[in-house]
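Hi,

Here is the structure I promised to pass on. Have a look at it first, and then read my notes below.

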Amino acid sequence: MDIPLSTIAVVGLGTMGTGIAEVLARSGREVIGIDIDDAAARQAVAALEASTARAVRRERITEEERRNILARFRTFSDLQAAADAELVIEVVPETYETKQQVFRELDAVVSPTAILATGTNALSVTRLAAESRHPERVLGLHFFNPAPVMKLVEVVSSVLTAPPAVAAVTELARQLGKEPVAVGDRPGFVADGLLFGYLNQAAAMYEANYASREDIDAAMKLGCGLPMGPLALLDLIGIDTARTVLEAMYRASHDRLHAPAPVLGQLSTAGLTGRKTGRGFYTYAEPGSPNVVPDALTPAQDAGAGAGRTVRSVGVAGSGTMASGIAEVFAKAGYDVVLAARSQEKADTAKGRIAKSLERSVTKGRLTAGARDETLARITASGSLDSFAEVDLAVEAVAEDLLVKQQLFATLDKVCRPGAVLATTTSSLPVVAIARATARPEDVVGMHFFNPAPAMKLVEVVRTVLTADEVHATVREVCVKVRKHPVDCGDRAGFIVNALLFPYLNNAIKMVEEHYATLDDIDAAMKLGGGYPMGPFELLDVVGLDVSLAIEKVLHSEFRDPGLAPAPLLEHLVAAGCLGRKTGRGFREYARR
């Protein structure tokens, strides 16, 4: 099946089909665009004209190259136009009936050697292939939106697909400047298989009124470096499409994490399917517009504002990287900071770490030498918590151990003046259990910074059922003053970020356990197809496998969902002492420093 794939038909000229046609035409292929809707075909031509005109203005192509690209793209309303195509890519609506009808009609039109590719991300390629007279030539070719920009292409084989067909489209993907990843036939494949479970959990979190849509999206963008928040992404994908994908995944996995959140069905039934209709989780200026406009759910500018307590001085308990980073953040913002550790030596070492961090900022031109000196002068290193006697805010950043934190808060309760706010930076422990170690649980709140604290903008503000309103308001005000973005959440395992992030990481490990895909393919898929700054295995090794396992156990213990049970492979690696970069080996091996 040595086919040049120089003439390619694209069936379905919606957003994805138009994008794929553009990629093919720009690469020098003859492209036959087919859509029963003449308006869709005209829109596809207009979109290609507009994108190539932009490319000329930006001097990426010449006017002659533009004319040649446009000449290579022809549109038709009948599948008969695909007769001379060596490859046909269908991207019609995501239903078996529609796709099977297309494949049956193509059987009567194309050459027996032509490859038929489905762009599905939810339906069974094997089931579609079985409907064809030549199932060996049917495979999946899953581009990501927007196709001209996104580098990932998943090449999906069924048990019926001939290897030469896979080789031909894999080579085509490379020639198009894409990164092909070979996967087997199961709903969601790699990227969407991991992505949609995460999106579904975010929808469920919103539906449960745990956090606002704005806070959920901000938390995942600022806490994980994602290009879009999950609810905004659902609106972009289409809530109805997402629900279809999740239904297919649930039928295959019976994993409750894939059972579509009821809100997805409610919005779909109401016709509120996202950007394309002008309303989904958010409201848009008009159908198809990316511009969000205020609606009844949009928080007021002063939402969350209240009469907080005055904070002039801050105590930070701890001597590790997180404690040093938090102390640096407060000192840079003009607060007087007491950095207390278990010994004067540890406290001095922590302050030394801050000095080195500030010096790096000076070297990079981010900070003046004067500002560096002023910041350091605001920090007092202490070997005793007794030095917190007059602070207005005490922030704990010690080991993630409930007993250790409770003992520290019991001490803070005795040392700190009445009215001081006591904050824990825990990422997984119940804040209320820490608060109850004091005689003033109403003064205790969660203030979860992200590592590295000087660089990461997010702070999860966690109020318990006992936290006073003015304490909550105080911490939000302080976050703004230190140039962090506060998001509100309740006191439950994982808060927002870890509750959404770690099940996704756990599911990636399960994919490897099941031999569905390799570490490299999964990491590449999520970076190139999902826009993630790091692949899941890169991130796990950075976070630490022991830390990741501990968080997974907390989530599983609290929510009791079988799908949240830590993957055995993660437990085995931790038991073997393979904890990631810090030990030189985790999912990958690293050079010793």
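At what angle do the axes of helix H13 (residues 344-363) and helix H14 (residues 369-377) cross? They cross at roughly 165 degrees and come within 9 Å; axes here are lines fitted to C-alpha atoms over the stretch in contact, with angles from 0 to 180 degrees between N-to-C directions. That makes H13 roughly antiparallel to H14, a label for angles over 145 degrees. Lys351, Ile354, Ala355, Leu358, Glu359 and Val362 of H13 make the contact with Ala369, Arg372, Thr375 and Leu376 of H14, where contact means heavy atoms within 4.5 Å.

Before you go on: this is a predicted model, where local features need pLDDT of at least 70, side-chain atom pairs count only at pLDDT 80 or more, and totals for chains, interfaces and linings use all residues. Residues are numbered from 1 along each chain as its sequence is written, and side-chain values use heavy atoms, with hydrogens and water left out. Helices are DSSP runs (H or I, at least four residues), numbered from the N terminus.

Next, look at helix H11 (residues 262-269), whose buried residues are Val263, Leu264, Gly265, Leu267 and Ser268; buried means under 20% relative accessible area (1.4 Å probe, protein chains only). These pack against helix H7 (191-207), helix H9 (230-237) and helix H10 (239-253). Just after H11, glycine 271 has a positive phi of about 80 degrees.

Last one: aspartate 561 sits in the loop between helix H21 (545-559) and helix H22 (568-575). Aspartate 561 is buried, at 8% relative accessible area. Apart from neighbours within four places in sequence, aspartate 561 touches Arg256, Leu257 and His556.

Cheers

Key
Helices (H or I, at least four residues) and strands (E, at least two) are DSSP runs, numbered from the N terminus. Buried means under 20% relative accessible area, exposed over 50%, partly exposed in between (1.4 Å probe, protein chains only). Angles under 35 degrees count as roughly parallel, over 145 as roughly antiparallel, 65 to 115 as roughly perpendicular and the rest as oblique.
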